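Reader: I would like to learn how to read a model like this one. Please take me through it feature by feature.

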Number of protein chains: 2
Amino acid sequence: MNGHLTIVGLGPGPENWVTPAATDAVGRADIILGYAPYVKRLTPRAGQVFEASDNREELVRAERALALAASGRRVAVVSGGDPGVFAMAAAVYEAVEKNPASANGVEIRVEPGVTAMLAAAARIGAPLGHDFCAISLSDNLKSWATIEKRLRLAAEADFVMALYNPASKARPQQIEQAFEILRTVLPSETIVVFARAVGRADEDVDVTTLIGAAEMACDMRTLVLVGSRATRSVQSGDGRAWVYTPRSERDR
Amino acid sequence: MNGHLTIVGLGPGPENWVTPAATDAVGRADIILGYAPYVKRLTPRAGQVFEASDNREELVRAERALALAASGRRVAVVSGGDPGVFAMAAAVYEAVEKNPASANGVEIRVEPGVTAMLAAAARIGAPLGHDFCAISLSDNLKSWATIEKRLRLAAEADFVMALYNPASKARPQQIEQAFEILRTVLPSETIVVFARAVGRADEDVDVTTLIGAAEMACDMRTLVLVGSRATRSVQSGDGRAWVYTPRSERDR
């Protein structure tokens, strides 16, 4: 092997949610590439080069990472959360498929991380305690018709849903369109959780219902969890409200 | 607050996939409860008590953990992977709902971890790079009819699927029943990955198709990934075969 390319998951934000394997992979890299906010989380050691880029440039970044690794360098591409969930790992394999020779002599490795839905779920209880799905609401890479179909089928299947990329400046209205579809299948009192910037100083987690969700704001730093018919709220002795989905469907 | 109860995710196995926050929560606990194979991963420090139990006793374990925490102890309940995915966090909230007073004065916290599907996906490439779902095939806690319905709808939605608990000694045949259902909806060449004991010394990851899957063995330590119609295999320059799902549906 000439070079190494590791696609590393840095987790949702705080350092104590980064696995030691991810920290090690970052520490050993000669060059680190990634979307600027993720690269900024790291402190370069002597001799290490950082290359930050925009989040619309994932395939270009993947191709550059392969080229650097093929030239014999030890390269890390960093993602927030887990690199395999709506993130850089798929972009790297797309680049390999597009130009297999570009990966000649490159040892590729993926280092998993804590993805946003797991952190959001942990903060509010255990909403992912039963069958669930993860859907990206971004229609940059797929049609809105596909998203609508998946939302409808996921509601019919009674999955808990983790909605990634629920809104951006360019498409602030799509999350409400998603709720409109879900309201046609799910009861209006279905629990919805808005988890913003989990693990950061400005973390904010709010619980509402499919009806109340219309009043909530969200952006690219928000993860939205939509409960199944079994997802419920429970108060612990200190009056704190939690959300969880029972492991069993026995009492439904 | 009198006591503390933290439900901790230890990740899929290796120590370098345990987050520092999880290691810290385990280190600070007076008492650690869990299913025996997870408790056995840990080394007790002086004064620390370990209580290992069977995996059928999750609600009893949750109730005991709450009682110990309510008596003023610092308690950790450990799960493999992430504690919120088919694991102990939901059992704790079930115990709280059943007897809210049992949680009086207890500060509850959930520490997320790397769940099995993320580790399995990382080993084989990026199969979870597009929308996906997670389904437990165990019918201890839900009806087989519910599982069948979800498999069918997930296939119609073209989700990648992570199948947890695909088989056990008591139900070796259910994974094949699941494949039978999926074969009625998905093409026979759909990619299927059997990922066993990922991160352990006896790790074994095999790639086959929905037809070839009939010949494969699996047990409770296996996670099965079923691709979507877009999931594909790609070879890197060293001849290694990877599996990934493109971020985009553009070329379908």
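**Reading the model**

Author: Start with one residue: B:Val85 is buried, because 29 other C-beta atoms lie within 10 Å. Keep in mind that this is a predicted model.

Reader: What confidence does the predictor give the complex, and what is the mean pLDDT of chain A?

Author: The complex has an ipTM of 0.97 and a pTM of 0.97. Chain A has a mean pLDDT of 94, and 98% of its residues reach 70 or more.

Reader: Back to B:Val85. Where is its place in chain B, and with which residues is it in contact?

Author: B:Val85 sits in the loop between β4 and α4 of chain B. Set aside neighbours within four places in sequence, and B:Val85 is in contact with A:Leu128, B:Thr115 and B:Ala134. Sequence distance is another thing to read. B:Val85 and B:Gly9 are 76 residues apart in sequence, yet their C-alpha atoms are 9.6 Å apart in space.

Reader: Now helices. Which residues of α1 in chain A are buried?

Author: An α-helix has 3.6 residues a turn, so residues three or four places apart point the same way. In α1 of chain A, residues 20-28, the buried ones are A:Ala21, A:Ala22, A:Ala25 and A:Val26. Down the axis of α1(A), these buried residues fall within an arc of 135°, so they line one face of the helix.

Reader: What covers the buried residues of α1(A)?

Author: The cover includes four strands of chain A: β1 (3-9), β2 (31-35), β4 (74-79) and β5 (106-111).

Reader: Take β2(A). How many of its residues are buried, and how does β2(A) run beside β3 and β4 of chain A?

Author: Four of the five residues of β2(A) are buried, so the strand is largely enclosed by the rest of the structure. β2(A) runs parallel to β3 (residues 49-53) of chain A, joined by five bridges. Four bridges join β2(A) to β4(A), again in parallel. A:Leu33 shows both pairings. Its bridge partner in β3(A) is A:Glu51, and in β4(A) it is A:Val77.

Reader: How should I read the core? Which residues have the most contacts inside it?

Author: In soluble globular proteins, nonpolar side chains tend to be buried together. Here the largest nonpolar core has 180 residues, and A:Val92, B:Val92 and B:Leu225 have the most contacts inside it. B:Val92 touches B:Ile7, B:Ala62, B:Ala65, B:Val77 and B:Ile108, leaving out residues up to four places away in sequence.

Reader: Last, the interface. How many residues does each chain give to the contact?

Author: Chain A gives 64 residues and chain B gives 66. On the chain A side, 36 are nonpolar, 16 polar and twelve charged. β7 (residues 132-136) of chain A and β7 (residues 132-136) of chain B are antiparallel, over three bridges. A:Phe132 stands opposite B:Ala134 in β7(B). B:Ala134 is also one of the contacts of B:Val85.

Note on methods: Residues numbered from 1 in each chain as written. Chains lettered and ligands numbered in written order. Predicted model: local features only at pLDDT ≥ 70, side-chain atom pairs only at ≥ 80, totals over all residues. Buried ≥ 20, exposed ≤ 12 C-beta atoms within 10 Å, placed from the backbone. Helix = DSSP H or I, 4+ residues; strand = E, 2+ residues; numbered from the N terminus. Arc of directions from axis to C-beta. Contact = placed C-beta atoms within 7 Å. Core = buried A, V, L, I, M, F, W, Y, C linked by C-beta atoms within 7 Å. Nonpolar A, V, L, I, M, F, W, Y, C, P; charged D, E, K, R; others polar. Pairing = 2+ DSSP bridges. pLDDT = per-residue confidence, 0-100.
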